[in-house]
Every structure is written in structure tokens, then in C-alpha cells.
Amino acid sequence: AHEGILRRQALRESAARTYARSLPIVPVRARGLTIEGADGRRYLDCLSGAGTLALGHNHPVVLDAIRKVLDSGAPLHVLDLATPVKDAFTTELFATLPPRFARHARVQFCGPAGTDAVEAALTLVRTATGRSGLLSFTGAYHGMTAGALAASGGAPDVRVTRLPYPYDYRCPFGIGGERGAELAARWTENLLDDPKGGVPAPAAMILEPVQGEGGVIPAPDAWLRRMREITTARSIPLIADEVQTGVGRTGTFWAVEHSGITPDVMVLSKAIGGSLPLAVIVYHEDLDCWQPGAHAGTFRGNQLAMAAGAATLAYVRENRLAERAALLGARMLGQLQGLAANHPCIGDVRGRGLMIGVELVSPEADAPAPPDPVLARAVQQECLRRGLIVELGGRQSAVVRLLPPLTLTDEQAAAVLDRFADALAAAER
Ligand code: PMP
């Protein structure tokens with residue numbers, strides 16, 4: 001079955017299929033960290049549905065929540081009508097939000113994907129501010145849509161200004177650290193205040209507290225506080241895209257909690273649906289000035305996702321899995337840094353909580369060592385041969401990303417790192 005399925009899909013499916021090209025497996029069963037393929041092989045899954053599976057695959061509390069809805073006779077498709085399931089999800093979501101933010105927050109169901117919620121956030125801030133500019137950052141990833149709204153006679157194009165996102169490793173100015181982040185903030189300030197800077201009046205600034213697809217780059221807390229200051233001083237709403245960083249992943253329930261900033265809008269998806277499609281924005285009530293129907297969507301009422309999501313949020317909260325992610329993540333980061341000391345092909349190890357990136361470089365080349373996407377691909381394949389699923393990211397796809405479930409045990413973490421170390425040694429040769 002395994003070979004046949006892979007062959008037929010390769011023939012029939014668009015070349016746009018991404019994961020299937022680098023991960024030729026056919027999952028048929030899964031539980032927790034483990035996926036079983038049609039070929040009978042078992043894999044430790046550190047891709048976790050691109051960071052979606054906070055509790056791993058098929059967690060019993062998630063399955064129970066889904067079954068309960070199925071057995072209750074409740075309708076599965078209700079557009080965006082109020083239901084007991086939605087009520088329970090909303091209550092649980094608000095219980096997890098930073099209290100200062102929750103007090104004045106409204107939620108809007110956008111679904112099914114994170115991209116939809118990003119679009120909703122952009123429409124919201126454009127309506128609220130009457131401006132059409134958008135401030136975003138180098139290396140950012142917010143989704144894949146362009147044009148659906150424009151094709152429907154909707155809003156004009158968003159005019160984006162890209163600002164410098166600070167990073168230490170390979171900092172283009174060779175500075176990095178606190179000073180580099182502060183210079184990036186000043187650069188942003190100067191540009192916004194320059195009447196000849198050519199920046200279209202911004203409806204919002206959108207940022208990821210930790211860039212995920214961009215190569216697992218945590219934003220310094222001080223820089224995030226500066227972005228909050230800069231936007232507040234200029235009445236620019238701040239949108240935190242927590243699609244990937246949310247639900248305990250980075251060691252706090254929401255990643256904005258590390259810096260203590262209160263954004264105006266939070267974009268949430270992935271883990272909030274407990275492995276099913278769900279996306280929402282949560283935003284300050286003052287922004288809630290748009291008309292019913294101003295942002296629609298057929299699949300905003302996924303009852304199974306809301307039930308699975310509520311169960312996941314409650315489980316992460318009650319079992320303090322964010323703290324667990326912080327502890328385990330710090331330990332794994334330390335162990336990977338130890339590995340880096342013996343492997344010059346590891347240029348950098350970074351991350352926050354259980355969102356970890358290992359950047360691979362060609363140490364033989366002239367300094368500074370350039371990113372090595374070929375080696376990264378080889379490491380990914382060697383990992384797969386050893387039953388470990390990892391994903392690549394970063395500007396040159398040279399960053400191996402580890403996004404294990406927050407339920408990872410100490411033993412599983414050790415097994416993941418053992419296999420990774422073996423794979424690295426094999427790929428290096
Ligand atoms: N924002 C961020 C930060 C993401 O990581 C992603 C997906 N990787 C998205 C938005 C888009 O989400 P989706 O793929 O569900 O549309």
C-alpha cells in the first residue's frame with residue numbers, strides 16, 4: 001500500500017504539495033509523538049502538523065471531546081451561529097488570555113486557516129483606522145492569500161512597508177544582541193517619523209513574537225516593548241501573529257507574555273483547534289467598529305474544532321504545559337548547543353520553549369560560514385531514516401526546526417536528540 005499510495009499521489013497531485021516531497025511516508029495511525037506508516041515503520045513526529053499538535057496526535061482528551069459532539073446529535077455545520085460548543089470554547093479561550101488583554105477583548109471566528117485570520121485582522125485595522133499601509137518585518141510569514149478580497153470588489157491593495165526584524169546570528173550589520181535590536185527599533189522610528197520616508201499611513205504593525213517559518217528567530221523582549229511603545233505613540237494598532245507561537249509552545253501560554261506587551265490584535269490558529277482547523281482574531285473592543293458581514297467565511301463554525309480546541313486549551317492550562325515546554329525546551333537547547341560545540345556545521349542553535357531551530361552552515365567555506373541548505377536537507381533525510389520527522393525553515397531553508405508536542409516526556413526528548421545527533425553525524429560525512 002505504502003509504495004502504491006506514494007506513486008499515485010506523486011502522479012496525480014500538484015507539484016505544490018510540499019511536505020510529501022521531503023517526507024515520503026504514509027501515516028495510517030498516530031498517538032502522541034508517534035506516527036505509524038503504511039509500511040509498518042514508526043516515526044517520532046517533531047513537525048507536529050507544523051506546530052499544530054500541542055498535545056501530540058490523537059490525545060485522549062481531544063478524541064473524547066470530538067466524540068462527545070458527534071454523539072450529542074448537535075449539528076456539525078452551523079455557519080457562525082451561537083452554540084454551546086462555541087460558548088465553551090470562547091470561555092476557555094478568554095481564560096487563557098493575559099487578563100489585561102482579556103478584559104477589553106472581543107473574539108472573531110475567522111477560520112479555517114491562520115491565513116484567514118490574518119486577512120480578517122488586516123481588514124479590521126484598515127476599517128478601524130481608515131488607513132491602508134501595513135508595517136511588517138523582514139523574514140516574516142503570515143500566510144498565502146493575495147487577491148480574493150480584491151477580486152470581490154473589496155478593499156484596495158495593502159501597501160506594505162518591511163522593517164528590520166532583529167536577529168543576532170548573521171545580523172546584516174554584524175551587531176546583534178540588545179544593541180542591534182535597539183538600532184533596528186531606532187531605524188523603524190526614524191523611518192516612521194520621516195515625512196519624506198514614503199511610508200504609507202499604517203493601519204497596523206504585524207509581527208511574530210518568534211518568527212517560525214523565517215527560521216525560528218525569537219524577537220528580543222526589549223525590542224518587542226519598543227515596538228509597542230513606537231506603535232502606541234503613533235496610534236498604530238499592533239497585531240501579534242501567534243498562529244505558531246500560541247498555546248504554550250514558547251514556554252508561556254501566549255508568546256507576548258514573555259515581554260509583557262499587550263497587543264491590540266492577536267491572530268490565533270493551529271493549536272487552538274486541537275488538530276482541527278480553527279482560526280480566530282482577538283482584539284481590543286475599541287477596534288470593533290465594522291459592520292456585520294464586513295468579513296464573512298463559510299467555515300467559521302467548525303464545531304469539532306471548537307470542542308477539540310477547548311479541550312486542548314484547558315489541558316495545557318490545567319497541566320501547566322507551557323512551564324513544562326519552557327523547562328524541557330531550555331534543556332534541549334542546552335544539549336543542542338553542546339552538540340554544536342563538536343559539530344562546526346551547526347552555525348547556530350536558538351529558540352524559545354519547544355520551538356527550536358538548528359541552523360546548518362558550510363564551515364569549510366570562507367568565513368562567515370554560509371547557510372547550507374543541502375546539508376540541512378541531508379540531515380532531514382537522515383533523521384527520517386532513523387524514524388525522526390523534522391521540518392526545515394529559514395531564509396535559505398538551512399534551519400532544522402523542532403516543534404515536538406508539549407506532552408513530550410524526558411525519555412522521548414532524549415530519543416529525539418539521540419536520533420538527531422546520529423543523523424547529523426551521518427549527513428556530515
Ligand atoms: N502566521 C504564522 C506565524 C504561521 O506560522 C502560519 C503558518 N505556518 C500562518 C500565519 C498561516 O497559517 P495557515 O497555514 O493555517 O494559513
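Helices (H or I, at least four residues) and strands (E, at least two) are DSSP runs, numbered from the N terminus. This is a predicted model: local features need pLDDT of at least 70, side-chain atom pairs count only at pLDDT 80 or more, and totals for chains, interfaces and linings use all residues. Residue numbers start from 1 along each chain as its sequence is written.

**View 1. The whole protein.**
The protein holds 15 helices and 17 strands. Its C-alpha atoms fill a box of roughly 60 × 60 × 45 Å along the principal axes. A compact globule of 429 residues would have a radius of gyration near 22 Å, and the protein agrees, with 22 Å. That radius is taken over C-alpha atoms, and the globule rule is 2.2 Å times the number of residues to the power 0.38. Of the 429 residues, 48% count as buried. Buried means 20 or more other C-beta atoms within 10 Å of a residue's own; exposed means 12 or fewer, and partly exposed lies in between, with C-beta atoms placed from the backbone. Among contacts between residues at least 6 apart in sequence, 75% join residues at least 24 apart. Two residues are in contact if their C-beta atoms, placed from the backbone, lie within 7 Å.

Domain 1 covers 2-58 + 320-428, and domain 2 covers 74-318. These bounds come from an automatic or database domain assignment. The C-alpha centres of the two domains lie 26 Å apart. Domain 1 gives 28 residues to the contact and domain 2 gives 25. On the domain 1 side, the elements giving two or more residues are α3 (48-51), α13 (321-342), β13 (346-352), β14 (355-360) and β17 (399-402). By class, that side has twelve nonpolar, ten polar and six charged residues. Here Ala, Val, Leu, Ile, Met, Phe, Trp, Tyr, Cys and Pro count as nonpolar, Asp, Glu, Lys and Arg as charged, and the others, Gly among them, as polar.

**View 2. The shell around the ligand.**
The ligand is surrounded by 15 residues. Ala113, Gly114, Thr115, Val243 and Gln244 are the closest. The shell divides into five nonpolar, seven polar and three charged residues.

Helix α12 (residues 303-318) has 16 residues and should span 22 Å at 1.5 Å a residue; its end C-alpha atoms are 22 Å apart, which agrees. The expected span is 1.5 Å times one less than the number of residues. Of its 16 residues, 13 are buried, so α12 is largely enclosed by the rest of the structure. Ala310 sits in this helix. Ala310 is buried, with 25 other C-beta atoms within 10 Å. Leaving out residues up to four places away in sequence, Ala310 touches Ala65, Ala88, Phe89 and Glu92. Ile272 is 38 residues from Ala310 along the chain, yet their C-alpha atoms are separated by 7.5 Å. Arg320 follows α12 and has a positive phi, near 50 degrees.

**View 3. Two loop residues with positive phi.**
Arg170 is found in the loop between β6 (159-163) and α9 (177-193). Its phi is positive, about 65 degrees, although Arg170 is not a glycine. Arg170 is partly exposed, with 19 other C-beta atoms within 10 Å. Lys270 lies in the loop between β11 (265-268) and β12 (280-284). Phi of Lys270 is also positive, near 45 degrees. Lys270 counts as buried, with 27 C-beta neighbours inside 10 Å.

Methods:
A residue is near a molecule or strand if its C-beta atom, placed from the backbone, lies within 6 Å of it.
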